[in-house]
Amino acid sequence: MKHFGGPAVFIDRDDINTDEIIPARYLTEITKKALQPHLLEDLHLEDQTFDPHSPQMEQARSLVTRSNFGCGSSREHAVWALEVNDINLVIGQSFARIFRQNMFNCGILAVELAPADLDALFALEGEVSIEVDLGQERITATPAGGQAVNCSFTLNPFDKQLVEAGGWLSYADQNY
Amino acid sequence: MGQTITEKIFAAHRRDTPTPGNMILDLDVIMCHEITTPIAIMDLVEKGMDRVCDPSKIKAVIDHVTPAKDSKTATQAKIMRDWAARHQIKDFFDIGRNGVCHALFPEKGFIRPGYTVIMGDSHTCTHGAFGAFAAGVGTTDLEVGILKGVCAFRTPQSLKVELKGSLRQGVVAKDIILAIIRELTVNGATDMVIEFGGPVVEAMNMASRMTLCNMAVEAGATSGVCLPDETTARYLWPFIQDDYPTLEAAVSDFAKWHSDPDAEYARTLTLDVSELLPQVTFGYRPDNVKAITELAGSRIDQVYIGSCTNGRIEDIREAAAILDGRMVAPGVRGILTPATPAIYSQALEEGLIKIFMDSGFCVLNPTCGACLGMSSGVLAEGEVCASTTNRNFNGRMGKGGMVHLMSPASAAAAAVTGVITDPRELLS
């Protein structure tokens, strides 16, 4: 089984759409690797500037956000842009359906947390690393030099099977 | 307990139930375009699985950037073209015959009531207008669809939108769906199918129903759907006349898909459209919607009329009625892209293209183009477009650009005045 999580980057906004995650001008690429420099290039935050190439982004192995992440276009390029940047865990309050399905179809994790648990993660200070215990359906977020926060989540049983199978293509090839 | 149309379609296509609440459906139609399909094709080739489940179920088109704008888009088109030839995909539409997928495929009669349809494109929900379950998916779902003819879905709940009353002159389906999205918000229908019904929908033609269903995904919905009726049967008649002795027989067969009176809905939203004004978006979310009168006077740089939402002949007629005898305002760029060759040809025949050209519009071939900022009308930083498309996300039509979504009549009115304008002021 793949290892999920690692250093986290926090993006405190609802409704981040797939055009922001990977703009359409890069959809002419025919390799996933070519998307690597362009993750979140068009992210729009009201009150702050966002640097998609910050050291935090470069080191990130997990992403924590709010609700309805990945809305809009069905482009799986949004998931691949995360994947080729070694991010295989996105945590949020909720996800848009197609994005969520694309994550599990690629065998990686879109984890939904209760709003209070999410608030607790956002309240952590300094560098935070997040580890996932898939069997226990639990995440542990550890801030550098601080107290770890544990949160439970529930995976849809079928999505869990997809992750265990390494994605939908291998699941479907085995079963249908 | 009764079933909704979506539950009936799911039950009729169920291949497997791997876990409660998840279903594997057999697919009737798998639609492909050149942006999301090539990586699926290349992956299948790489894995030694370059097969298609059934070439007759696959409908493929080059539509997003056509003609190709550079070497990369030419390569995407070539991958599609070679794949279609290799697998004898008969329904493949290339230059001269190609158009925006969600306008072209209905026109070809590919979508029927009760069908299951997927495409690697979020606006696949458009086809729900025919009483089908049609959902946008990612490339992996598409890849499995191509290979195995199946797709996995969580069994969706249904949200009923009941439309009653009568529309004022100058107010159309686009205004209704924008008002609905404002009401539902951008994730108000996540994991649900929006079932559009009521006397307003019953009176709508297929073009208007497609406009409604097209934007269901902007409220987060898995799809939109309308109950198939005589209007559906008349539209499809050229393609189904060998299957039914009479039109009435088709209509009565279609009724088997109708939601039962005691079907269960997660929510019902009733909207009286009688007082509805033309609507327009502001900001960067499709649920940021106001009456056009509240934004009247806002400056625009470009007008874009086209797309899978509003590039059909009815939309072009609606805009032409405003443009006839008028000129595009100085400093404003007008762009029309009829959604398919048949629509373009019909518009030529009706003299509509001449009206657009005489008014100073640039008329393009059918393509998705600027709707998603790929080609053919991309905005510069700080520019604003009055657009008949479906998304106003930040940078959608070009980095730093802004899009106001509106009806074809409203977009045409903006072209003439150079500012956001209530189209009713220009209707005679």
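## Charges over rings

R66(A) lies over the face of F122(A), 3.9 Å from the ring centre. In chain B, the charged end of K290(B) sits over the ring of F282(B), at 4.6 Å from its centre. A charge counts as sitting over a ring if NZ of Lys or CZ of Arg is within 6 Å of the ring centre and within 35 degrees of the ring normal.

Some words on reading these values: this is a predicted model, where local features need pLDDT of at least 70, side-chain atom pairs count only at pLDDT 80 or more, and totals for chains, interfaces and linings use all residues. Residues are numbered from 1 along each chain as its sequence is written, chains are lettered from A and ligands numbered from 1 in the order in which they are written, and side-chain values use heavy atoms, with hydrogens and water left out.

## Rings that meet

Rings of Phe, Tyr and Trp (its six-membered ring) pair if their centres lie within 6.5 Å; planes under 30 degrees apart count as stacked, over 60 as edge-to-face and the rest as tilted. By this rule there are 18 aromatic pairs over all chains. One of them joins F10(B) and F133(B), edge-to-face, with 4.8 Å from centre to centre and 75° between the planes. F10(B) belongs to helix α1 (residues 5-13) of chain B and F133(B) to strand β7 (residues 133-136) of chain B, so the pair ties together parts that are 123 residues apart in sequence. Helices (H or I, at least four residues) and strands (E, at least two) are DSSP runs, numbered from the N terminus.

Are F10(B) and F133(B) buried or exposed? Both are buried, where buried means under 20% relative accessible area, exposed over 50%, and partly exposed in between (1.4 Å probe, protein chains only). F105(B) and F110(B) are buried as well. Their ring centres are 5.8 Å apart with the planes at 45°, so this pair is tilted. In chain A, F158(A), W168(A), Y171(A) and Y176(A) form one aromatic cluster.

## Where the chains meet

How many residues does each chain bring to the contact? Chain A gives 44 residues and chain B gives 52 residues, with contact meaning heavy atoms within 4.5 Å. Together the two chains bury about 4100 Å², 56% of it on carbon and sulfur atoms. Buried area is the accessible area (1.4 Å probe) that two parts lose on being put together, summed over both. In chain A, R97(A), L169(A) and Y176(A) lose the most area to chain B, together 19% of what that side buries.

Seven salt bridges are counted between chain A and chain B; each is a side-chain nitrogen of Lys or Arg within 4 Å of a carboxyl oxygen of Asp or Glu. The side chains of D191(B) and R100(A) meet in a salt bridge of 2.8 Å, N to O. The elements of chain A that give two or more residues to the side touching chain B are α3 (77-83), α4 (97-105), α6 (157-165) and α7 (168-175). The largest share of that side, six residues, comes from α4(A).

Helix α6(A) has F158(A), D159(A), K160(A), L162(A) and V163(A) as its buried residues. Their cover includes α4, β4 (109-112) and α7 of chain A, together with β1 (14-19), β2 (22-26) and β8 (150-154) of chain B. At the start of α6(A), a side-chain oxygen of N156(A) reaches to within 2.9 Å of the backbone nitrogen of F158(A).

## A buried threonine

T340(B) sits in the loop between β16 (333-337) and α14 (341-349) of chain B. At 0% relative accessibility, T340(B) counts as buried. Its side chain makes a polar contact with the side chain of E107(B) at 2.7 Å; such a contact is a pair of N or O atoms within 3.5 Å, where within protein one must be able to donate a hydrogen and the other to accept it, and residues adjacent in sequence count only if both atoms are side-chain atoms.

Most residues other than glycine have a negative phi, and most peptide bonds are trans. A cis peptide bond joins T66(B) and P67(B), with omega about -5°.

| Residue | Phi |
|---|---|
| Q88(B) | about 50° |
| S307(B) | near 85° |

Q88(B) counts as exposed at 62% relative accessibility, whereas S307(B) is buried, with a relative accessible area of 2%.
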